[in-house]
Amino acid sequence: MSTATTFGIAGVQMEVCAFDSNLERMAGYLRHIRSRFPWVRMVLFSELAALGPKHDRAEPLPGPTEDRLCGLARETGLWLIPGSLFESVAGPEGTVVYNTTPVINPQGEVVTRFRKLFPFRPYERDVAGGTDFCVFDVPGAGRFGVSICYDMWFPETTRTLVAMGAEVILHPTMTDTIDRDVELCIARASAVTNQVYFFDVNGVGDGGVGRSIIVDPSGYVVHQADSGAQIMPIEVDFARLRHEREHGLRSNLGQPLKSFRDRDCDFTVYRKDGTDFPYLHSLGALDKPQ
């Protein structure tokens, strides 16, 4: 499928305003990256970067904000993963809101959309969870998977994307809480246990506390940002990734993907209607602490 050895991706840790559109700031970054880093082919922003974390700004998709983002991808000739948007979907029982990431190609076309699987409950009660996993191919390069923020806390999410062939996980987040240090550990563990590049891009200002992290398939930190605005252009080495999946990470050590495939055990805990684990049902309702 692939002919490229390397592929340039720029994560953008941008200051996000919760009370105004951030589209023009995003446009400035895209034009700057296109000019300064001509080898970059894809740009990833943080979760809810375009319109901020306000549910009342939810739009149907396609919609005006997504159209504007498609125009920017077409103008700059870049693959664009613009973080995410709140998507409104009209249904028989009223409007449902999802946290949705569009994937836009350099021709300005939406090739797929991903709805966040795990809203941050019990705090995000008004956002519905998606049900479908998302991978897409960049011709001549490789396969990419998308997850959003709290999705990373559930290792089954990354495992499934990698089992679908993902070689790079694009993970926009909006973490403004004191557990960012834990997420840095999760990003490294997700990368090395799945032999995958992991781009975990956070916002700043109203969009998070920063500290974005990019990890390679051996668990090495390629870059970790501080708490300010920052552009993070990184070259993904697909040849190295594929070599390590075949021969083992960090100079021919473990081959966790093959070991998972060839396992002897069966994980019955993943059966949602199973009765083998009554402890989980003893934990009570998923409510906010009072």
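This is a predicted model: local features need pLDDT of at least 70, side-chain atom pairs count only at pLDDT 80 or more; totals for chains, interfaces and linings use all residues.

**Notes on the strands, helices and cores**

1. On its other pairing, β6 runs antiparallel to β7, with 5 bridges joining them. Here P102 has R113 of β7 as its bridge partner.

2. How enclosed is β6? Of its 11 residues, 8 are buried, so β6 is largely enclosed by the rest of the structure.

3. Helix α2 (residues 64-76) is worth a look too. Its 13 residues reach 19 Å from first C-alpha to last, close to the 18 Å expected at 1.5 Å a residue. Buried in α2 are T65, E66, L69, C70, L72, A73 and T76. These residues cover an arc of only 160° around the axis, which puts them on the same side of α2. Their cover includes α1 (23-36), β4 (79-81), β5 (85-91), β6 (94-104) and β7 (110-115). Just after the helix, G77 adopts a positive phi of about 70°.

4. Now to the open sheet, whose 6 strands follow the order β8-β9-β10-β11-β13-β14 with mixed pairing. β8 (134-138) and β14 (221-224) are the edge strands; each has a single partner, so one side of each is left without a neighbour in the sheet. From one strand to the next, the twist averages 15°.

5. Which strand pairs with β8? It is β9 (residues 142-146), in the antiparallel sense and over 5 bridges. Within this pair, F136 stands opposite F144 of β9.

6. Two helices pack on this sheet. Helix α4 (residues 180-194) touches β11 (197-201), β13 (213-215) and β14, and its direction makes about 20° with that of β13. Helix α5 (residues 238-247) touches β9, β10 (168-172) and β11, with a direction at about 85° to that of β9.

7. Finally, the cores. The largest nonpolar core has 29 residues, and M42, F136, F144, V168 and F199 have the most contacts inside it. Leaving aside residues up to four places away in sequence, F144 touches several residues, including F7, I9, M42, F136, V168 and F238. A second, separate core has 26 residues, among them V12, L23, L51 and A73.

Note on methods:
Residues are numbered from 1 along each chain as its sequence is written. Side-chain values use heavy atoms; hydrogens and water are left out. Two strands pair if DSSP finds at least two bridges between them. Helices (H or I, at least four residues) and strands (E, at least two) are DSSP runs, numbered from the N terminus. Axes are lines fitted to C-alpha atoms, for helices over the stretch in contact, and angles run from 0 to 180 degrees between N-to-C directions. Contact means heavy atoms within 4.5 Å. A nonpolar core is a set of buried Ala, Val, Leu, Ile, Met, Phe, Trp, Tyr and Cys residues joined through side-chain atoms within 4.5 Å. Buried means under 20% relative accessible area, exposed over 50%, partly exposed in between (1.4 Å probe, protein chains only). The expected span of a helix is 1.5 Å times one less than its number of residues. The arc is that of the directions from the helix axis to the C-beta atoms.
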